[in-house]
Amino acid sequence: PSSATQRLLFEAAGDAEAPVRAAAFEALGAYENAPEVHDLAFKAAQDDPSYAVQAAAVKTLARTAAPTALAVVRSALITPSHREVIRRAAFEALALLEVPARDGLALGLEYSAAGHPTDARIAAIDYLRLHASETRSALDRLLDLLSDDDVRVRRAVIASLGGVATGRALEALRLHQATETQPALQAALKQALRQHPAANE
């Protein structure tokens with residue numbers, strides 16, 4: 001480590017308490033292009049007994065532009081964990097990485113589909129939102145998921161479409177408002193329509 005602060009963070013990354021280790025990796029995310037940080041985070045992402053620490057290390061690898069970051073993200077996406085904390089971190093990390101659009105979208109489309117755990121699907125939906133204004137396949141998937149059987153998925157899609165600045169997204173929200181039966185989702189629809197970038201054009 002090249003500074004006193006970094007040395008302290010390295011010590012904290014080896015602490016017996018998982019919350020301390022996780023916080024250390026969050027802070028180490030500020031050290032871009034630091035090979036010693038990459039090495040430490042790579043090991044934690046693979047081997048730490050705490051899901052929260054693994055998740056923090058995955059995000060640190062992305063924030064610090066580690067050469068191994070994309071490979072670790074792909075590994076994290078096949079790693080189940082409590083409330084999908086590791087897969088959620090993987091999609092947060094993926095959004096930070098410079099990857100070919102088709103590669104990132106393929107992962108978003110894969111994990112947003114039925115059959116994956118709900119929390120992983122919601123993370124994928126949030127990732128697709130980042131691309132839905134410019135990429136037809138991402139927007140098409142979000143629109144399809146408005147009729148998903150999972151209420152939590154529908155809520156996530158409604159929230160995501162509220163930030164997608166296209167007329168198709170706005171029209172889909174308006175049409176869905178006429179058919180959605182869940183009161184909580186009706187409230188979410190009203191909020192999404194109020195905040196939609198194209199609503200007042």
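The model is predicted, so local features need pLDDT of at least 70 and side-chain atom pairs count only at pLDDT 80 or more, while totals for chains, interfaces and linings use all residues. Residues are numbered from 1 along each chain as its sequence is written, and side-chain values use heavy atoms, leaving out hydrogens and water.

Helix H9 spans residues 136–144, and its buried residues include Ala138, Leu139, Leu142 and Leu143. Helices here are DSSP runs (H or I, at least four residues), numbered from the N terminus. Viewed down the axis of H9, the buried residues fall within an arc of 130°, so they line one face of the helix; the arc is taken from the directions between the helix axis and the C-beta atoms. Among the elements covering these residues are H7, H8, helix H10 (151–161) and helix H11 (167–177).

The largest nonpolar core has 37 residues. Such a core is a set of buried Ala, Val, Leu, Ile, Met, Phe, Trp, Tyr and Cys residues joined through side-chain atoms within 4.5 Å. Phe25, Val58, Leu61, Val73, Leu77, Phe91 and Leu94 touch the most other members. Elements giving two or more residues to this core include helix H1 (4–13), helix H4 (51–63) and helix H8 (118–129). H4 provides the largest share, 6 residues.

Leu77 is in contact with Arg87, Ala90, Phe91, Leu107 and Tyr111, leaving aside neighbours within four places in sequence; contact means heavy atoms within 4.5 Å. A second, separate core holds 26 residues, including Ala132, Val157, Ala172 and Leu185.

Phe91 also takes part in aromatic pairing. The structure holds 2 aromatic pairs, where rings of Phe, Tyr and Trp (its six-membered ring) pair if their centres lie within 6.5 Å, with planes under 30 degrees apart counted as stacked, over 60 as edge-to-face and the rest as tilted. Phe91 and Tyr111 form an edge-to-face pair, 6.0 Å centre to centre with 70° between the planes. Phe91 lies in helix H6 and Tyr111 in helix H7, so this pair ties together parts 20 residues apart in sequence. Both Phe91 and Tyr111 are buried.

Phe91 and Tyr127 form a tilted pair, 5.9 Å centre to centre with 45° between the planes. This pair links helix H6 to helix H8, with Phe91 and Tyr127 36 residues apart. Tyr127 is buried, as is Phe91.

Conventions. Buried means under 20% relative accessible area, exposed over 50%, partly exposed in between (1.4 Å probe, protein chains only).
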